[in-house]
Amino acid sequence: MADSASEFSLVSSTSSSSTSSSASSTRAPLGGCAGGGSMSCAVRDLLFWRDVRKSAVAFGASLVLLLSLATLSAVTVVAHVALALLSVTISLRVYKAVVQALQKSDEGHPFRTYLELDVTLSPETFQAHAAVVAQHLNRALRLLVRLFLVEDLVDSLELALTMWLMTYVGAVFNGITLLILGNILAFTLPPLYEKYEVQINHYVSLVRHQTKDLVGKIQAKLPGLAKKKSE
């Protein structure tokens, strides 16, 4: 009897350990693309610096573009970018044409590979992206209606407090400056969070618990602010 009990405990411990190991092995890494679209995966890989060269190019190009928009008009920036791109492509096209004429070779157009790429957007792809955009737009509209028509007084007061704080932020920073700061944070915070995930989650959970306790105390003292329980 004792042998069967020990055997049962051994089997159960083995199965539990195998289950936990398989669960941990199937857990997607932070910044992974499990179940995500190709576009979201590409953006996530850039923000988490999976490929340092691509992330550095994307970060540098976006930062230069935003800094240019901060000092110049959008029309000027677009015109200069287009002129720079045309200068490169036209120079390469003329150079290849001269080389082919001198060498009497027939290599063809230098951008033939890119010209033959299919860059058209299929109706199915367009409808899929439109459906995703419509889903997010409808969710945002429902949230705005719920907040501005005060379905929940606490949430509406939180929005009012946030907008009041944003008035002070807007007095110090303009829109382009906020975009520049957002771009820098978008490329620096994800790798830092991935490196210090345990410590950050610990402090965030502490802040959430304290905030939840504070809101609970306020709602207990003011019954009119109590949130409606979901049916």
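This is a predicted model: local features need pLDDT of at least 70, side-chain atom pairs count only at pLDDT 80 or more; totals for chains, interfaces and linings use all residues.
Biologist: How many aromatic pairs does the structure hold?

Modeller: The structure holds four. One of them joins Phe59 and Phe187, with ring centres 5.1 Å apart and planes at 50°, so this pair is tilted. Phe59 sits in helix H3 and Phe187 in helix H8, 128 residues apart, and the pair thus links distant parts of the chain.

Biologist: Are Phe59 and Phe187 buried or exposed?

Modeller: Phe59 and Phe187 are both buried. Ring pairs also link these two with Trp49 into a cluster.

Biologist: How do the axes of H3 and H8 run relative to each other?

Modeller: An angle over 145 degrees counts as roughly antiparallel. The axes of H3 (residues 52-71) and H8 (residues 175-195) cross at roughly 170° and come within 9 Å. The two helices are therefore roughly antiparallel to each other.

Biologist: Which residues in H3 and H8 meet?

Modeller: From H3 the list includes Ser55, Ala58, Phe59, Ser62 and Leu63, and from H8 it includes Ile176, Leu179, Ile180, Asn183 and Phe187. By class, the contact has twelve nonpolar, three polar and no charged residues.

Biologist: What does Leu63 contact, leaving aside its neighbours within four places in sequence?

Modeller: With those neighbours set aside, Leu63 is in contact with Ile180, Asn183 and Ile184.

Biologist: Which residues make up the largest nonpolar core?

Modeller: In soluble globular proteins, nonpolar side chains tend to be buried together. In this model the largest nonpolar core has five residues, namely Phe59, Leu63, Leu66, Ile180 and Phe187. H3 and H8 each supply at least two residues of this core, and H3 gives the most, with three. The tilted pair of Phe59 and Phe187 thus lies within that core.

Definitions and conventions: Residues are numbered from 1 along each chain as its sequence is written. Side-chain values use heavy atoms; hydrogens and water are left out. Axes are lines fitted to C-alpha atoms, for helices over the stretch in contact, and angles run from 0 to 180 degrees between N-to-C directions. Helices (H or I, at least four residues) and strands (E, at least two) are DSSP runs, numbered from the N terminus. Angles under 35 degrees count as roughly parallel, over 145 as roughly antiparallel, 65 to 115 as roughly perpendicular and the rest as oblique. Contact means heavy atoms within 4.5 Å. Ala, Val, Leu, Ile, Met, Phe, Trp, Tyr, Cys and Pro count as nonpolar, Asp, Glu, Lys and Arg as charged, and the others, Gly among them, as polar. Rings of Phe, Tyr and Trp (its six-membered ring) pair if their centres lie within 6.5 Å; planes under 30 degrees apart count as stacked, over 60 as edge-to-face and the rest as tilted. Buried means under 20% relative accessible area, exposed over 50%, partly exposed in between (1.4 Å probe, protein chains only). A nonpolar core is a set of buried Ala, Val, Leu, Ile, Met, Phe, Trp, Tyr and Cys residues joined through side-chain atoms within 4.5 Å.
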